[in-house]
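Me: I'd like to go through this model with you and check what stands behind the labels. Could you take my questions one at a time?

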Amino acid sequence: MSNLTQSVPPPTRARRGEAAVGRGIDLVVAALAVLVLAWAMLLIALAVRLTSTGPALFAQTRIGLDGRRFAMYKFRTMHVGVGGTMLRAMISAELRGEDTSVDGSYKLAADPRVTPLGAFLRRTSLDELPQLINVLLGDMSLVGPRPCLAWEAELFPAEFRPRFTVRPGITGLWQVSGRSSVSTLDMLQLDLTYVRTRTLPGDLAILARTVPALLHAGGTR
């Protein structure tokens with residue numbers, strides 16, 4: 001996946017220094033969050049196991065910094081053994097410029113793969129809490145572009161390669177700008193805006209906007 005970051009200029013010394021400070025904040029905040037939310041995460045894991053067949057945690061290969069693959073962790077929200085054919089078809093259509101929205105939403109409507117509890121976890125983004133582990137491991141940051149699937153990265157036009165020059169995030173401009181009401185192409189444009197303009201104060205502002213955005217969100221995919 002190294003071609004994902006070709007022709008991207010190296011970061012400046014100031015940007016590297018700010019990134020180091022940001023990484024320190026990631027570690028401190030993620031560690032504290034895991035400690036505070038440990039019991040809640042255990043209860044969610046138990047609820048997932050009790051309400052559907054399969055493991056509580058779901059590990060999925062995603063594309064991260066410099067196009068490297070990593071295992072991203074989530075609470076399982078789908079039935080075991082389902083595929084992603086519908087999602088791939090929808091995203092492919094959006095990248096061709098087609099409008100796939102239903103009632104203003106760009107997520108799969110009435111997705112049969114999702115369990116009843118999974119729908120609630122997605123709507124509240126509680127399914128993403130295990131990604132705090134990814135932050136501690138260095139695969140992700142608190143703020144950054146959404147970590148994409150390998151086949152998504154292959155479909156993305158070359159102009160969006162700069163999104164892979166930063167760690168993917170648990171939250172980001174996409175999450176605070178409408179989430180499921182934002183198309184894939186618009187999300188990629190937001191990623192470029194973030195990469196080109198990101199600052200530490202900007203990341204902190206996105207974190208501050210995340211909770212209100214979640215409270216008004218209609219769900220994610």
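Predicted model: local features only at pLDDT ≥ 70, side-chain atom pairs only at ≥ 80, totals over all residues.

Me: What makes the phi of Ser 125 worth a remark?
Reply: Phi of Ser 125 is positive, about 65°, although the residue is not a glycine. Ser 125 follows H3 and sits in the loop between H3 and helix H4 (131–137).

Me: Is Asp 66 buried, exposed or partly exposed, and what makes it so?
Reply: The relative accessibility of Asp 66 is 35%. Buried needs under 20% and exposed needs over 50%, so Asp 66 is called partly exposed. Asp 66 also has a positive phi, near 60°, in a residue other than glycine. Its place is the loop between strand S1 (57–63) and strand S2 (69–75).

Me: How do you know on which side of H3 its buried residues lie?
Reply: In helix H3 (residues 116–124), the buried residues are Gly 118, Leu 121 and Arg 122. They cover an arc of only 100° around the axis, so they are on the same side of H3.

Me: Which residues touch the most other members of the largest nonpolar core?
Reply: Those are Ile 63, Cys 148, Phe 156, Phe 164 and Leu 188, in a core of 18 residues. Two or more residues come from each of helix H2 (85–95), helix H5 (150–155) and helix H6 (184–197). H2 gives the largest share, four residues. A second, separate core has 16 residues, among them Leu 132, Leu 142, Tyr 194 and Val 195.

Me: What is Cys 148 in contact with, leaving aside its neighbours within four places in sequence?
Reply: Cys 148 is in contact with Arg 62, Ile 63, Ala 153, Phe 156, Arg 163 and Phe 164.

Me: How many cavities of 30 Å³ or more does a search of the whole structure find?
Reply: The search finds one. The largest cavity has a volume of about 40 Å³, and that value passes the cut-off of 30 Å³.

Me: How does the lining of the largest cavity divide into nonpolar, polar and charged residues?
Reply: Seven are nonpolar, one is polar and three are charged. The lining includes Ile 63, Gly 64, Arg 146, Arg 163, Phe 164 and Arg 167. Arg counts as charged, and Gly is placed among the polar residues.

How values were computed: Residues numbered from 1 in each chain as written. Heavy atoms only, no water. 1 Å grid on protein atoms, 1.4 Å probe; cavity = no way out; pocket = protein on both sides within 12 Å on 5 of 7 lines; lining within 4 Å. Points joined across faces, edges and corners; volume = space filled by probe spheres on them. Buried < 20%, exposed > 50% of the residue type's maximum accessible area, 1.4 Å probe, protein only. Arc of directions from axis to C-beta. Core = buried A, V, L, I, M, F, W, Y, C linked by side-chain atoms within 4.5 Å. Contact = heavy atoms within 4.5 Å.
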